[in-house]
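Here is a short briefing on one protein model. Look over the sequence and the structure first, then read on.

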Amino acid sequence: IKMMNAGRWAASAGLVLVAGASVAAAVRMPWQSGDVDLEEEVAALAQPYDQQDLMALVVTAFVALIAGIQVAPNKSILSDFVKEMAGTVLMVVCTFAPGPLFGHLGISTEWPMHMLGVIVADKTMGGPHVNPGVTISMFVWGQVNLVQAIVIILAQLVGAVISFPLLQAMLNPFEATVGGPSFDATTTPLKDGFANEFAGFALLMAGIFGLCCTALGQRYYIKQSLLAGVIRFVIYFFGVSGPAINPALGTVWAFYDSGNLPRDTEHYIVYWLAPALAGAAMTLLWSAGTKTGIFAEKAPKTKTN
């Protein structure tokens, strides 16, 4: 059985390498051809989006970045922004590609590809949040301050905006189409969408705390593989709202798919409020159980003569 499992892993790793090589060979990068204009390439990535909505999002992100650097000069605001933006791009490319490329081969191939994508994206970028829900949870836990949280979340949104058209450009040579989470309030009750994202994100945070914040977290490849399994479980069993289990992906996918940022309140209730509340609840439970965060025992004050 061990030899069979090893063989499957080896085959999966081989498929990733072959796919990566094929994509690299098929996609024409601007710096590889003198007749390709970089400005045209950037314009092509921006084409799916309404220009006013896109400009509003990008300007807001960079104004927040500049303000954050001024307000908290001792914090790693700029590096956090770059890490989260680049990490989100890599996460989407690595984890959204297996479905279109390998989905027809069944879960025995697609799931290992997704698992490897999760590991590659996280390991390469040094473990960014790449998820506003996670960032909100870390804020509740006291791991980041409010300024950091705002800048990180905006960086994640910018990264997601870049990633979907970029991934589609990479999939075009294979005649594959990227997909994303969606929720239609006209056909699905709002309470069902809310409950779906709430429960799915609560399970994700349970996995993050249980796998990454315990002794198991020291065994990187084991805990990251198990966390990828948790993500696949949620995706498979919580399909009412996609699920997104990531507010940036839920909103930016709707932006990419329709061309406009969502205007309906239901979207933000399902994709932002639900994971924010679920993340906060799970964080408070974890904090209470581990005596961390707001439940951390304060050291007694020492008297001075």
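Are Arg232 and Glu110 buried or exposed? Both Arg232 and Glu110 are buried, where buried means under 20% relative accessible area, exposed means over 50%, and partly exposed lies in between (1.4 Å probe, protein chains only). This is a predicted model, in which local features need pLDDT of at least 70, side-chain atom pairs count only at pLDDT 80 or more, and totals for chains, interfaces and linings use all residues. Residues are numbered from 1 along each chain as its sequence is written, and side-chain values use heavy atoms, with hydrogens and water left out.

**Confidence**

- The protein chain has an average pLDDT of 87, pLDDT being the predictor's confidence in each residue, from 0 to 100. A score of at least 70 is reached by 84% of the residues.
- Residues 1–33 have a pLDDT below 50. Beyond near neighbours in sequence, this stretch has 26 contacts in the model, a contact being heavy atoms within 4.5 Å.
- Where pLDDT is low, the predicted coordinates should not be read in detail.

**Overall build**

- The protein chain has twelve helices and zero strands. Helices (H or I, at least four residues) and strands (E, at least two) are DSSP runs, numbered from the N terminus.
- Of its 305 residues, 44% count as buried.
- Among contacts in the protein chain with a separation of 6 or more, 75% are between residues 24 or more positions apart.
- The accessible surface of the protein chain is about 16000 Å², computed by the Shrake-Rupley method with a 1.4 Å probe; for residues, only the protein chains shown count as cover. Carbon and sulfur atoms hold 65% of that surface.

- Helix H6 covers residues 107–125. Its 19 residues should span 27 Å at 1.5 Å a residue, because the expected span is 1.5 Å times one less than the number of residues. The end C-alpha atoms are 26 Å apart, which agrees.
- Gly126 follows H6 and has a positive phi, near 80 degrees.
- Pro98 is found in helix H5 (residues 98–102). Pro98 counts as buried, at 4% relative accessibility.
- Leaving out residues up to four places away in sequence, Pro98 touches Gly103, Glu110, Met113 and His114.
- Pro98 and Leu116 are 18 residues apart along the chain, and their C-alpha atoms are separated by 9.7 Å.

**Salt bridges**

- Side chains of opposite charge can pair when their charged atoms come close. A salt bridge here is a side-chain nitrogen of Lys or Arg within 4 Å of a carboxyl oxygen of Asp or Glu. By this rule the count is three.
- Arg263 and Asp53 meet through their side chains at 3.1 Å, N to O. The pair links distant parts of the chain, 210 residues apart. Arg263 is in the loop between helix H11 (247–258) and helix H12 (265–290), and Asp53 is in helix H3 (residues 51–71).
- Arg232 pairs with Glu110, with the closest N and O atoms 3.5 Å apart. This bridge links helix H10 to helix H6, across 122 residues.
- Asp192 pairs with Lys191, with the closest N and O atoms 3.3 Å apart. Asp192 is partly exposed at 31% relative accessibility, and Lys191 is exposed at 61%.

- Ser225 is in helix H10 and counts as buried, at 18% relative accessibility.
- Ile107, Leu203, Phe233, Tyr236 and Phe237 form a nonpolar patch on the surface. Together they have about 520 Å² of accessible area.
- Patches are made of residues with over 30% relative accessible area and no salt bridge; like charges are joined within 9 Å, and nonpolar side chains (Val, Leu, Ile, Met, Phe, Trp, Tyr) within 5 Å.
- Helix H10 (residues 220–237) gives the most to this patch, with three residues.
- Tyr236 lies in helix H10 and is exposed, with a relative accessible area of 53%.
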